[in-house]
Amino acid sequence: MSSVSKSPWVIHYDGSSCNGCDIEVLAALTPLYDVERFGIINTGNPKHADIFLVTGSVNEQNIDVVKEIYDQMVEPKVVVACGICACSAGIFHDCYNIIGGVDKAIPVDVYVPGCAVRPEAIIDGVVQGLGILEEKSKALAASKKKGE
Amino acid sequence: MELIVSLVGVPCLAALLMLAVRCDKARNVLAVASVAAIGLLSVVFAVRYLGESPVYFVLPESTAGVLGIVNFLIEIAVGAFILAYAIRYKRMLALGLALVQLVMAVWIEVSVLAGHEFSTQMRVDQLSVIMALIIGIVGSGICVYALGYMKDFQEHHPEQKDRRPWFFALMFAFLAAMFNIVFSDNMAWIYTAWEVTTLCSFLLIGFTKTDEAINNAFRQIVMNMLGGVAFQVAIAFAALNGLPLVFSEFLMAGAMSAGTAAAALFAVPVVLLAFAGMTKAAQMPFHTWLLGAMVAPTPTSALLHSSTMVKAGVFLLIKLSPLFLVFPIASGMVVIVGGLTFLFCSFLAISQSNAKRVLAYSTIANLGLITACAGVGTPEAIWAAIFLVVFHAVAKSLLFLCVGTAEHHIGSRNIEDMDELFERMPRLARFMMLGIMTMFIAPFGMLVSKWATLVSFATTGQVLLLVLLAFGSAATFMFWGKWLGKLAGIAAHRESEEVTVNKTEWSAIILMAVLVVACCVGMPFISSAFVEPYLAGVYGMAPLAIGFDNMAIMAIIVAFIVVVLFGTLGKAKKKVVPVYMAGITVDSSKRVFKGALGGEREATSRNWYLEGIFGEKRLDKPATIVTAAVLVVCLVASIFAGGTLGSVSLPMYLQTASLNESVFSTLIGIVVFLVVGPVLGCLLAGLDRIISARMQGRVGPPLLQPYYDVRKLIAKDDVSVNTVEGTYITMALIFTLIAGGVFFGGGNFLMCVFLVTLSALFFILAAYSSRSPYAEIGADREILQVMSYEPMILFVAVGMLLTMGTFDVAGLFHGSAPMIVAAWPIFIGLLFVLTIKLRKSPFDLSYSHHAHQELVKGVTTEMSGRTLAKVEVMHWCENVLFMAWVAMFFVWSNPASIALAVVVAAAVYFLEIWIDNNFARVKWQSCLKWAWIVSLVAGLVNILGLVLYIIFA
């Protein structure tokens, strides 16, 4: 494991979630699950974050926000869609105001379904994301080398 | 002698020429020629008299007689001039004072001085050489600047008649008068020149003839005439009582009079002259005239009201300073009023947004400090005072010139409007930043002089002055720091607006900048070539408050900062990204974003002015009353009982031991700290996180987690919101490492403190440069935190001197007992402010290392990747350094004490973590209030106790 996967800092954004998944994300960050054991820290700032946890689906109101947060995160970065709404818009799929899952706005790396998604599943998703983060990090290092 | 005559004569001639010449081009040529002549003459003069002991000039009796009459005529003319203006504008007070002055002048000339023979007329020592260089070079530079400035000024004020010939005539006449003040040894002549400068200032303040200008001009003349009358009374009193009227003889006889009957006679003129000097130097309660003087065109403010004329006041006080050792009441007056002026004006400057007013307050404050140094009167204090004069003259004129140019190009002198100047006027902004840094931060000259001031106050046990200095300096950091931040902001690639700046303005600004850098880098040389010979001449000894090696280290750092500021800053190649707006960014450069409710909004931010705490409404009146009361009481006491106290030697006069201040040991310290700092700091940070986790009932991360974090950050992509942020952070890191090197190399603790502050400033600048709303708020709060903890840190240094007799860390190992024994109140104070310095709750205002994340992430909002990694490493190093500060209290000559110190430091670190986890964040008001109360109580009680112990034991 390289240093990248030992220190994944996350940022959490609530799209149009019913708050069920949000509560579970927060639950995962409580002392009970103690994700800091894996170096995970919740940052409030996209510029510091490596992993983007999105809950809820994407609509006209929030699509630009989701995109902006993603854009402002510094490479390498990973997106984890938390809950079924974030994965595919879930039961709101056909609503007139819903665009769809998070992947309609930004590339998603890990889909973690559930309604609401369980903290264990979120942690599992983040851990899966770490593998992808590692790959991306290697790719970035390689391209940097090439650039030089 | 010819040199002196030409130094006085050339400006006189130039003044007459200026009056005669009406054509712009001819005036430019003539002015530049005369200025070049004056500048050159002053340099030749300096080289001629470099390092010589005082030289006296005796004129043939006939010439002296003629000159005496000329002097008297000038005096009468000045009086008549003021009288005429007072009648024209119906100012009764000015009229009355002018009449008094005229009558006095005639009386003194006709009756008191009739037949009096002066043995010498002129005198040159190294202090006059320094002053002549300031007047000659800085003065002529400002005159050149004025050529371009006044052209713009006339274009900006088309409704006014072109009175430029008059303006330039006054400027040159003023230079001649200033030369006279510094060279004359005849008190009557000094007085004449003194009054000429007052009149020049009066006419230049009233130059625009608006109601405001006229009012302020009369305020100036009334206050300065009070000083003038005091000067006259001093001369008359001295003459009537048979005291010498040759200034150098007067000073010598006064110093010898200690303990004799003559002391009672000397007390009166000494205190009156001191009073005159203080009015000229705009000390409270007479500070309002200098504030009002800011209506004058900017070159006037630069020349008369910051770099030279007001310096005549402190020049007189510095000359008098050996006498203050003999006359404690006069000394008390000067010291207390000067110190209070420094404190209050530094506070008041925080509340001002008008750049010229900030400069004015800072000028008064610094004059106050110089005044206080003169009042202390020891060679160390005078060393500091002279350097304060030099650095203030060059740095302040640079700043005034920059503000003047900025005003003509951005149409405002409000600091808020200087937002983004770094891009709008890139060269000018850098010069302004250089000027500001020179004013308040180590390694630049003003702070090094302030450092010497602190040493001289501490060695003489001036408890009150130490307290005033500590709190005043903290305020200085606030008002300069936030201005610097405004300038440093970078938003978009805007067009440079400075293409239209006049060539003459550029040349003057560049001259001042070169002078600033030359003085800072050449400080050790100036000290040994000018200041030490002067002190040796006056006191017979020239002890240094700051060691040569320390000055050399500072000089090297200055050179480094200047190279970065004007060379590489902003040239780094970076992927530039927009700032974080917590919404949908519409226009990053204008800070417009789409908020939660849809509409577009613009984020705006202003500097902090803290009106409710430091505003004029709140402080001005009490300050005026207190200082006026001190002045009156001391004047009266000194006149009636000044001599009776007679010879009082200083109650205490410590010698500071300089033990380990070589460049070499600092280098070794840096190498050691380069390894120890990050390694130990990383482990401490990991420990902090684990202990915090345990306190919250969880396991927490591995011990090396901070190391993993930094490794990851380094591997991230290298992007930034601008091209300078990374450079600032690198500098902050470097200065932290040097600070640690100084400490662990056993060097000077004060230097370590100043370098930590320098590092904090660059950290703050990095945040301001992003011009992100969140980073700016973080930076504002960080400045406030620095202001909160700074006084206590200075008290720690003073406590170290008073207990161990040295500022050198190596000296701790020579003590027979650790510092804690006698300095435990200071230790408690240090523990209190340590929480602020470590940014731990309840004082984690600017940002926090843990998961608290109000306002996104404060100072570090825009930092990412490598930059953030550097910030982390910097904090590791800082933590180690601060714990070493704690440990330092428990070390003495017993080697086992190191183990004890380490144990205590570990316990304190644990205590800080416990506090962090058990207290909720407070508002900034509470942070400032409690930090200052604790510092005041702990510092004052402890230092007072130590001083009393030293005096009586």
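This is a predicted model: local features need pLDDT of at least 70, side-chain atom pairs count only at pLDDT 80 or more; totals for chains, interfaces and linings use all residues.
Let's start with chain A. Its open sheet has five strands, in the order β2-β1-β3-β5-β7, and they pair in parallel. At the edges you'll find β2 (41-42) and β7 (110-112) of chain A; each has a single partner strand, so one side of each has no neighbour in the sheet. The partner to look at for β7(A) is β5, residues 78-82 of chain A: the two are joined in the parallel sense by three bridges. α2 of chain A, residues 20-29, lies across β1, β2, β3 and β5 of that chain, and runs at about 145° to β3(A).

Over to chain B. Here we have an open sheet of three strands, β4-β5-β6, and this time the pairing is antiparallel. β4 and β6 (600-602) of chain B are the edge strands, with a single partner each, so one side of each is left open in the sheet. From one strand to the next, the twist averages 35°. Three antiparallel bridges link β4(B) to β5(B), residues 592-594, and Asp587(B) has Val592(B) in β5(B) as its bridge partner.

So where do the chains meet? On chain B, 29 residues are in contact with 26 residues of chain A. Elements giving two or more residues to that side of chain B are β4 (584-587), α27 (705-715) and α32 (865-887). The biggest contributor is α27(B), with six residues. By type, that side of chain B has 12 nonpolar, nine polar and eight charged residues. Thanks, everyone!

Methods. Residues are numbered from 1 along each chain as its sequence is written. Chains are lettered from A and ligands numbered from 1 in the order in which they are written. Two residues are in contact if their C-beta atoms, placed from the backbone, lie within 7 Å. Helices (H or I, at least four residues) and strands (E, at least two) are DSSP runs, numbered from the N terminus. Ala, Val, Leu, Ile, Met, Phe, Trp, Tyr, Cys and Pro count as nonpolar, Asp, Glu, Lys and Arg as charged, and the others, Gly among them, as polar. Two strands pair if DSSP finds at least two bridges between them. Axes are lines fitted to C-alpha atoms, for helices over the stretch in contact, and angles run from 0 to 180 degrees between N-to-C directions.
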